[in-house]
Amino acid sequence: MYIESVLETIGNTPLVRLQNIQGVKAKVLAKVEACNPGLSAKDRIVRYMVAKAEQLGKIKPGATIIEATSGNTGFSLALNCATKGYKCILTVSSKTSKEKIQGLKALGAEVVVCPKDVAPEDPRSYYSQAKSLAKRIPNSYYLNQNFNTDNMEAHYLTTGPEIWYQTGEKITHYVCCAGTGGTISGTGRYLKEQNPDVKVIAVDGEGSVLKKYHETGIYDRSVIRPILIEGLGKTIIPANMDFSVIDEFLRVSDKNAALRVRELAKEEGLFVGYSSGAALQAVYQMADELTEDDVVVILLSDHGSRYLSKIFNDLWMKEQGFMEAGQDVRDDILQRQQAAVSLPGSDYIRYYKRYSRLLRRRYRHLKDNWQQKI
Ligand SMILES: Cc1ncc(COP(=O)(O)O)c(C=O)c1O
């Protein structure tokens, strides 16, 4: 009746219907990856990438595992290393929030903070720093989530099938933020194999090279500028980005994503991270194309607790110009009549009693079986 390791609780995350979405005719379902033990979708890829490297003998006992990460992959890696006895070193960009860095340290990782606005090839960038540490430290392994395609494989094997079965094979649109590309490419490939008509929509940031590269094949350095949304957008073309399964890239602004993520918390009770607001904003941007028959799945990558000093901090929102002084974001939300989304109180009480009876019956049955064996 117990599991051997917290790693076994990864995946099988819930798909929750958004109830208060306005002006979108389709059914919109959110895949809540914050329900993983490391609070993000990165748990799926790290467990798989570490297991594959162990199987191939690339990670040996006592190894140091190194990664360049915006925080979430680091958190999942630190969690893996803590359960398996490896040392963990993470290089992060200086745009990573304070809470994320503290969380990494809490799990025993060593964190190296690198400047945010430098080219990836620059020796000071968090990519270059990770590579050079891996060269210098004996018995070390560089996980390399951008170019290790086990990343997208993990989503092909888990996230894709989960969404396909959770929607009863009815999904018509998949909307997902693109960073390394692993989540959208692996999940998108699985969904397209089941039904080639499923539209796969990648969400990109203003200041990322991905959208233009998808549309023209041109890597245009001139579009690069800092993006506030963590995990979203790229200044490189990662090997995990399978452009062939992506129908369209939609660009979302830092401001719109920040406002939408606060809506998800206040209107849906979904306390999720910055890029989740970008995914919701993308649905609003494509609203005109959607009909009542469409089933849209948006992937919410991580948990809101990692952004308390940013999007959930009114002062930070005002400093960015996302909120006027003295105004709460979308005050109108609070005044709006919310849809009744849950069971009425009496039904919940009946549910608790039935569930408790079921648990007691199951426990009595197990106990009887043990006694028979003894
Ligand atoms: C919060 C967040 N959202 C979205 C993404 C993008 O996911 P992927 O790297 O699989 O494209 C990441 C990845 O770093 C992330 O941390």
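Hi everyone, and thanks for coming. Please keep in mind that what we have here is a predicted model.

Let's start with the whole chain. It has 13 helices and 10 strands. The radius of gyration is 22 Å, close to the 21 Å that the globule rule gives for 374 residues, so the chain is as compact as a globular protein of that length. If you draw a box along the principal axes, the C-alpha atoms fill roughly 60 × 60 × 45 Å. Of the 374 residues, 45% count as buried.

Now, the sheet. In what order do its 6 strands come? They run E1-E2-E10-E7-E8-E9, forming an open sheet with mixed pairing. Strand E1 (15–17) and strand E9 (248–252) stand at the edges; each has a single partner strand, so one side of each is left without a neighbour in the sheet. On average, neighbouring strands are turned by 25° against each other, direction ignored.

Let's zoom in on one pair. Strands E7 (residues 173–177) and E8 (residues 199–205) run parallel and are joined by 5 bridges. Here you can find Val175 opposite Ile201 in E8. Helix H7 packs on the sheet, where it touches E7, E8 and strand E10 (295–300). The direction of H7 makes about 170° with that of E7.

That helix comes back when we turn to the ligand. Which helix gives the most to the shell around the ligand? Helix H7 (residues 182–194) does, with 3 residues. In total, 17 residues surround the ligand, and the closest are Gly179, Thr180, Thr183, Gly231 and Ser275. By type, the shell divides into 4 nonpolar, 11 polar and 2 charged residues.

Key
Residues numbered from 1 in each chain as written. Predicted model: local features only at pLDDT ≥ 70, side-chain atom pairs only at ≥ 80, totals over all residues. Near = placed C-beta within 6 Å. Helix = DSSP H or I, 4+ residues; strand = E, 2+ residues; numbered from the N terminus. Nonpolar A, V, L, I, M, F, W, Y, C, P; charged D, E, K, R; others polar. Pairing = 2+ DSSP bridges. Axes fitted to C-alpha atoms, helices over the stretch in contact; angles between N-to-C directions. Contact = placed C-beta atoms within 7 Å. Rg over C-alpha atoms; globule rule 2.2 N^0.38 Å. Buried ≥ 20, exposed ≤ 12 C-beta atoms within 10 Å, placed from the backbone.
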